[in-house]
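Biologist: Could you walk me through this one? I am new to it.

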Amino acid sequence: MSFISRGFHGRRRVPDADRSRIPPGQYATSDFPVLSAGPTPRTSLGSWTFSVDGEVDEPLEWDWTGFQALSSELITVDIHCVTKWSKLDTRWRGVSLDTVLEGVDTAAEYAVASSDGGYTTNLPLDDLLGGKAWIAFEFDNAPLAPEHGGPARLLVPHLYFWKSAKWVRRLTLRIDDEPGFWETYGYHNYGDPWQEQRYAGD
Amino acid sequence: MTTTAVDGNAAAGALFEAYGREMTLVVATCTACGQAGPLAETVAYLQAPGVVLRCRRCDAVLIVVVAHQGGTVAHESSVRLPGGDV
Amino acid sequence: MVDLIDESTHVRSVVLDLPDWPGHRAGQHVDVRLTAEDGYQAQRSYSLASSPEDGQVVLTVEVLDDGEVSPYLAGELQVGDQLELRGPIGGYFVWTADLGGPLQLFAGGSGVVPFRAMLRHRAAANGGVPVRLLYSARRLEDVIYRDELGRLAANGETDIRFTLTREWPDPWGGYRRRVDREMVEQVAWSPEDRPLVYVCGPTGFVETVADAMVELGHDQAAIRTERFGPSGG
C-alpha cells in the first residue's frame with residue numbers, strides 16, 4: 001500500500017490545468033516524456049516510404065517527397081499516455097488519414113500500423129477517418145525528432161498515445177482485427193482514455 | 001543520446017513482482033538468434049507502458065512485463081527459460 | 001529518514017532507519033516510490049551505498065536538474081519523513097566476500113555508489129581481497145566519498161585511480177581524459193589474474209570499459225555491468 005510522500009508534487013505538473021480536458025486517472029504535464037520499447041530507428045528521408053496495403057485493390061506507396069506533396073494540416077490536440085501523463089495543446093503538422101486513404105475502396109474494418117523496429121498497433125478503420133487521425137511529421141513547427149517518432153508518426157489523439165505509433169511506415173487494412181504490440185501484452189484493444197481503457201478487461 | 005536502454009538488472013524489481021522471485025541470474029535463450037545469458041545482461045527499456053527486455057545481440061523482444069491493478073504479468077515472447085520455473 | 005549527508009555538490013546520501021530490513025548484499029538496489037496527494041506516483045531505482053554490515057541503509061542520490069525523484073529525495077525530504085521502498089533487489093551486480101577476487105571496479109560518476117557498499121563489505125570481511133578501482137568524474141568536487149576513498153587509498157589496501165574529464169586541480173597526478181582502452185589496460189588487473197570485473201556508470205562509459213576489457217582478453221562472463229539510463233532522476 002502506498003502512502004503520501006509529504007511535499008512530493010512531481011515534475012512539471014500543471015496543477016491548474018483544465019480538469020475537464022484531463023481524462024480520469026491522468027495528470028497534466030508540460031514535459032514531453034520519451035517512451036520507448038526498443039532502440040530508436042534512424043531512417044533517412046531518402047529511404048523512407050509510407051505504404052497502404054492489405055485489403056486494397058492496389059497498394060499505395062509514397063516516398064518522402066511525394067508524401068510531403070499531399071495537403072497537410074496544422075493540428076492542435078491534447079494527447080494522453082497510458083502511463084498517466086496528458087499534454088494539452090500539442091501542435092503538429094501532418095497529413096490526414098482521410099487524405100491518405102482518399103479513393104481507397106475497401107471492405108476492411110480494421111487497420112494495423114507498422115513501424116520501423118517492428119512495433120505494431122491495431123485500430124478500427126473508422127477511428128482513422130473523419131478528421132480523427134494523421135500521419136504527423138512536424139511537432140511545434142520543427143521536424144519531428146526521432147525520439148518522438150520522426151520522421152513521421154501516426155497521431156490518433158482520441159485514443160491512448162501508444163496507438164499513435166512512432167516511426168510509422170505502413171498501414172495494413174484488414175477484415176479482421178489483429179492485436180498489436182501492447183495489445184498483445186495485456187493493454188486494452190481499443191484504448192479510450194475517457195473510458196480509462198488501459199488494460200484488457202477495463 | 002536518446003536511448004532509454006539500460007541493463008536487464010535494472011528490471012529486477014518488475015521481474016520479481018511478476019515471477020515472485022529474483023530472476024536476473026536466470027539464463028534466458030533468445031529463440032530468434034540463439035543468444036544465451038542471464039536476464040541481467042539483456043537490454044531493458046523501462047520508460048514504456050511495460051518493461052521490455054530485448055536480446056542484446058538481435059533486439060528480439062524476450063519478455064514484456066506489464067503491471068496493473070490486478071497484478072504483474074510477464075509475457076514471454078522470443079525466449080526460452082530453464083524448465084521448472086516459478 | 002534519519003540523516004542527510006552532502007557527498008559532493010550534486011550528491012547527497014539519505015540515511016534510513018529500517019527496522020524490518022531483511023539485509024542485503026553489496027551491489028543490490030532498491031526501488032523508491034513517491035506518491036503525491038492526488039495519487040500521482042513516480043518510481044526510481046537506487047543502488048545501496050551501505051554495506052550489509054553498516055546497520056543503516058544508505059541511498060546516495062545524484063540530483064538531476066530536470067529530475068523528479070532525486071530533487072525530492074535530496075531536497076524536500078526531511079529527517080523523520082517516511083519513504084516507500086521495495087527491495088533489496090537484484091542478484092547480478094553483486095559482490096560478496098566469498099566470491100573472492102581480485103576485484104576490478106570501474107565507476108563513472110555516481111556509478112561509484114554500489115562500489116562503496118562493496119568496499120565497505122570487503123573491509124568488514126577483514127579485507128584480503130585485492131581491489132583496483134578506476135573512478136571517472138568530471139572534476140574533483142564531483143568525486144563522491146572523497147575522504148573515505150582517500151583513506152582507503154592511503155593505507156595501501158585499495159588501488160584507486162582517478163580520471164577527471166573536465167577540470168583538474170593543480171597539481172593533479174591522475175588521468176585527464178575520458179576513459180579509453182589505453183587507460184583500462186594501464187589500471188586493470190591482467191587477464192591472467194582472473195579478476196571479477198564490475199562496471200557501473202553512464203552507457204557510454206560502461207560500453208567503452210566493457211569492450212576494452214574483452215579486447216584485452218578478459219572473460220566476458222566475469223564482467224558485470226550496470227548502465228544508467230539518461231531518463232533517471
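Predicted model: local features only at pLDDT ≥ 70, side-chain atom pairs only at ≥ 80, totals over all residues.

Modeller: Residues are numbered from 1 along each chain as its sequence is written, while chains are lettered from A and ligands numbered from 1 in the order in which they are written.

Biologist: Is helix H1 of chain B mostly covered or open?

Modeller: Helix H1(B), residues 12–19, is mostly covered, with six of its eight residues buried, meaning that 20 or more other C-beta atoms, placed from the backbone, lie within 10 Å of a residue's own. Helices are DSSP runs of H or I with at least four residues, strands are E runs with at least two, and both are numbered from the N terminus.

Biologist: Which strands do those buried residues pack against?

Modeller: In chain B they pack against E5 (51–54), E6 (61–68) and E7 (71–76), and in chain C against E3 (29–35), E4 (41–47) and E6 (84–89). Among the buried residues are Leu15(B) and Phe16(B).

Biologist: And what comes just after H1(B)?

Modeller: Gly20(B), which takes a positive phi of about 75°.

Biologist: Switching to chain C, how many helices and strands has it?

Modeller: Chain C has five helices and 11 strands, and buried residues make up 47% of its 233 residues.

Biologist: How many residues of chain A are in contact with chain C?

Modeller: 11 residues of chain A are in contact with 14 of chain C, contact being C-beta atoms, placed from the backbone, within 7 Å.

Note on methods: Buried ≥ 20, exposed ≤ 12 C-beta atoms within 10 Å, placed from the backbone. Contact = placed C-beta atoms within 7 Å.
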